[in-house]
Amino acid sequence: MKIAVLPGDGIGTEIVAEAVKVLRALDLKLEMESALVGGAAYEAHGHPLPESTLKLAKEADAILFGAVGDWKYDKLDRPLRPEQAILGLRKHLGLFANFRPAICYEQLTHASSLKPELVAGLDILIIRELTGDIYFGQPRGRRTAVDGHFPGADEAFDTMRYSRPEIERIARVAFEAARKRNKKVTSVDKANVLETFQFWKDVVTDVHKDYQDVELEHMYVDNAAMQLVKKPKAFDVIVTGNMFGDILSDEASMLTGSIGMLPSASLNSSNQGLYEPSHGSAPDIAGKGVANPLATILSAAMMLRFSLNQEAAAQRIEAAVQKVLAQGLRTPDIYSEGTTKVGTAQMGDAVVKALAA
Ligand code: NAD
Ligand code: IPM
Ligand code: MN
């Protein structure tokens, strides 16, 4: 089983090191090869996603990814940003289905941004379409406006678009996932305003005909953002487009205690997958040894489950994570009174130790 390890920038290197530690502690024949990606690759090879890194990723059974990006690129006038690396990987590998499970572990109900009773037992799955929408729609660019409110002014534009097959396949992923859970899908759109999302709603409704055992509900994204903090347990599977999914998953992470708890899996149609935490490179805490590695460690568990056919090993990691939380170990982002503050490496070490026990 070949794993491409792409730590990236900022806390990416710190958290991936802990996930690798955990993977090595399992008794599995895993071949791991690392490569530079993002700003780190930019500095070394002049491109955020060098050919060699892309080749390694394409040939691997699975990819373990950290995060890319740094504030300094906001000021540098470069044709590409480090973020193009993750967008390029998603596009080149066709990773259209992004799973972001928001689970509030029993021990973290007090770390959540919501009252404990609202999040106790919370287990929702956000399924975000990952290779379409305004993220990839063409045309996009800058130009001089010829119409609009200010003809003659500089302007920028992006294109929001979805094709029927793109919506159909992500809707099927969502209905299939819901079948194995609580059989409810909430499709999040902005059908009251956008043509793209009126179409989204129509296509999801069509696909639902094949999944009559699953309940389908449609919700506008603004209401969904509100319902997520009002009554999050009313959701089971949320399916939505690329941009809404990006925003709602960061919001949902705070129900679980921290964005440092939210793993993700991005799959293509042959079940090859890229596994990464849902958060970014966190330049504000990079290099301090305080980042929470659990989202990345839990992403490694998803990798074992989805791409490497190692369900037992996945469960071992998840149980080990629960155990360290039960021991009261907390990185600063999930700290609450009465628990023990630890750093990134200590947390990783504790998970390894819990695996053995
Ligand atoms: P971010 O997710 O990196 O950080 C947001 C906040 O959450 C920060 O305060 C950070 O310290 C905290 N945080 C994030 N992960 C944490 C962890 N594991 N433990 C503890 N705290 C954590 O988002 P941002 O600051 O908006 O973006 C920083 C950079 O990361 C940008 O360049 C952005 O484009 C990039 N980014 C990359 C990815 C990716 O590679 N997939 C995802 C999101 C953001
Ligand atoms: C994420 C990130 C990325 C996204 C960025 C870094 C391109 O925010 O993975 O959630 O917007 O998809
Ligand atoms: Mn995001």
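# Reading burial, strands and contacts

Q: Where do I start with burial: is D133 buried or exposed?
A: Count its neighbours. D133 has 25 other C-beta atoms within 10 Å. The cut-off for a buried residue is 20 or more, so D133 is buried. Keep in mind that this is a predicted model.

Q: What is phi at N271, and is N271 buried or exposed?
A: Phi of N271 is near 65°, which is positive although the residue is not glycine. The loop between β11 (265-267) and β12 (273-275) holds N271.

Q: How many residues of strand β5 are buried?
A: Go residue by residue along the strand. Strand β5 covers residues 123-129, and six of its seven residues are buried. Strand β5 is therefore largely enclosed by the rest of the structure.

Q: Which strands does β5 pair with, and in which direction, parallel or antiparallel?
A: Follow the bridges. Strand β4 (residues 97-103) runs antiparallel to β5, and seven bridges join them. One bridge pairs A102 with I124 of β5. Strand β10 (residues 237-240) runs parallel to β5, with four bridges between them. I126 stands opposite I238 in β10. R128 has T240 of β10 as its bridge partner.

Q: Which other strand is bridged to β10?
A: Strand β8 (residues 184-189) is joined to β10 by four bridges, and these two run parallel. T186 has I238 of β10 as its bridge partner.

Q: Which way do the side chains of β10 point?
A: In a regular strand the side chains alternate between the two faces of the sheet. In β10, V237 and V239 point one way. I238 and T240 point the other way. All four are buried.

Q: Which residues does UniProt list as "binding site"?
A: Treat a record as a record. The unreviewed UniProt entry lists R90, R100, R128 and D222. They span 133 residues in sequence, and the farthest two C-alpha atoms are 26.5 Å apart, so they do not all gather at one spot.

Q: Where does R100 lie, and what does R100 touch?
A: R100 is in strand β4. It has 25 C-beta neighbours inside 10 Å, so R100 counts as buried. Leaving out residues up to four places away in sequence, R100 touches I126, R128, S249, L262, S264 and S278.

Q: Where does R128 lie, and what does R128 touch?
A: R128 is in strand β5. Its count is 27 C-beta neighbours inside 10 Å, so R128 is buried as well. Beyond residues up to four places away in sequence, R128 touches N98, R100, T240, N242, G245, D246 and S249.

Q: Which residues come nearest to ligand 1?
A: Look at the shell, then sort it by class. Ligand 1 has 22 residues around it, and G69, G260, H279, G280 and N292 come nearest. The shell divides into 11 nonpolar, six polar and five charged residues.

Q: Which residues surround ligand 2?
A: They are G69, E83, I86, L87, D246, S278 and G280. By class, two are nonpolar, three polar and two charged.

Q: Which segments make up the domains, and how many residues are in contact between them?
A: Take the assignment before the contacts. Domain 1 is 1-96 + 264-357, and domain 2 is 123-254. Their centres, taken over C-alpha atoms, are 25 Å apart. Eight residues of domain 1 are in contact with nine residues of domain 2. On the domain 1 side, helix α5 (residues 84-93) gives the largest share, three residues. By class, that side has three nonpolar, three polar and two charged residues.

Notes
Residues numbered from 1 in each chain as written. Chains lettered and ligands numbered in written order. Predicted model: local features only at pLDDT ≥ 70, side-chain atom pairs only at ≥ 80, totals over all residues. Domains from an automatic or database assignment. Contact = placed C-beta atoms within 7 Å. Nonpolar A, V, L, I, M, F, W, Y, C, P; charged D, E, K, R; others polar. Buried ≥ 20, exposed ≤ 12 C-beta atoms within 10 Å, placed from the backbone. Pairing = 2+ DSSP bridges. Near = placed C-beta within 6 Å. UniProt positions renumbered as here; feature names shortened; annotations may be inferred.
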